[in-house]
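Thanks for coming, everyone. I have one model for you today, so please look at the screen.

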Amino acid sequence: MRIIGLASDHAGFALKEYAKQWLIDKGFQYKDYGTFNSESCDYPDYAHLLAKGIENGDCNIGIAVCGSGEGISMTLNKHQGIRAALCWIPEIAKLSRQHNDANVLVMPGRFIDTVMADKIMTVFFDTAFEGGRHQARINKIPMKER
């Protein structure tokens, strides 16, 4: 069973809560790494928890939200095993899965509504990685020790 990790800051809290209900409605299990309210907080605190959860196998894939989506995405992508993709339209979500095997869907909480989020999540979770030539590119992403 796939377990979806969730993380947000205060600006992404409402959309994260919507995503949580969306996951429940679709029959997915989830693990919520926070934040747990809309009080001001720092997105890296929750991004690192989600990334570590994926890296250690507590969850398989994730959804993360902050105001612009940029900060939480940057933080997630500092982790070697994470390929977080900032998606604001379904087409980006599709390509991020097909070509990049994205394992965290990042959405900009202040810039999309729940109707768009629903479309983005549907495409993200319904799209498979194509592999092939794309796998060779993904293999080049992790930093090598010098």
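Start with strand 3, residues 61–66, and strand 5. They pair in the parallel sense, over 5 bridges. For a point of reference, find Ala64: it stands opposite Val106 in strand 5. Keep in mind throughout that this is a predicted model.

Now the other partner. Strand 4 and strand 5 also run parallel, and 3 bridges join them. Here Ala84 stands opposite Val104 in strand 5. How does the chain get from strand 4 to strand 5? It goes through helix 4, residues 90–98. That β-α-β crossover is right-handed.

Stay on strand 5. Are its residues buried or exposed? Buried: 5 of the 5, across residues 104–108. So the strand is largely enclosed by the rest of the structure. Look at the two faces separately. Val104, Val106 and Pro108 lie on one side, and they are buried. Leu105 and Met107 lie on the other, and they are buried too. Both faces are covered, then.

What does His79 touch, if we leave out residues up to four places away in sequence? The answer is His48, Ala51, Lys52 and Glu55.

Let's zoom out to the whole chain. The count is 6 helices and 5 strands. Along the sequence, the pattern reads β-α-β-α-β-α-β-α-β-α-α. Along the principal axes, the C-alpha atoms fill a box of roughly 40 × 30 × 30 Å.

Burial and contacts next. Of the 146 residues, 47% are buried. Take the contacts between residues at least 6 apart in sequence: 69% of them join residues at least 24 apart.

Last, the surface. The accessible area of the chain comes to about 7,700 Å². Carbon and sulfur atoms account for 51% of that.

To recap: strand 5 pairs with strand 3 over 5 bridges, is joined to strand 4 by 3 bridges, and is covered on both faces. Questions, please.

How values were computed. Residues numbered from 1 in each chain as written. Predicted model: local features only at pLDDT ≥ 70, side-chain atom pairs only at ≥ 80, totals over all residues. Heavy atoms only, no water. Contact = heavy atoms within 4.5 Å. Buried < 20%, exposed > 50% of the residue type's maximum accessible area, 1.4 Å probe, protein only. Helix = DSSP H or I, 4+ residues; strand = E, 2+ residues; numbered from the N terminus. Pairing = 2+ DSSP bridges. Right-handed = clockwise from strand over helix to strand, strands pointing away. Areas by Shrake-Rupley, 256 points an atom, 1.4 Å probe, with all protein chains shown as cover.
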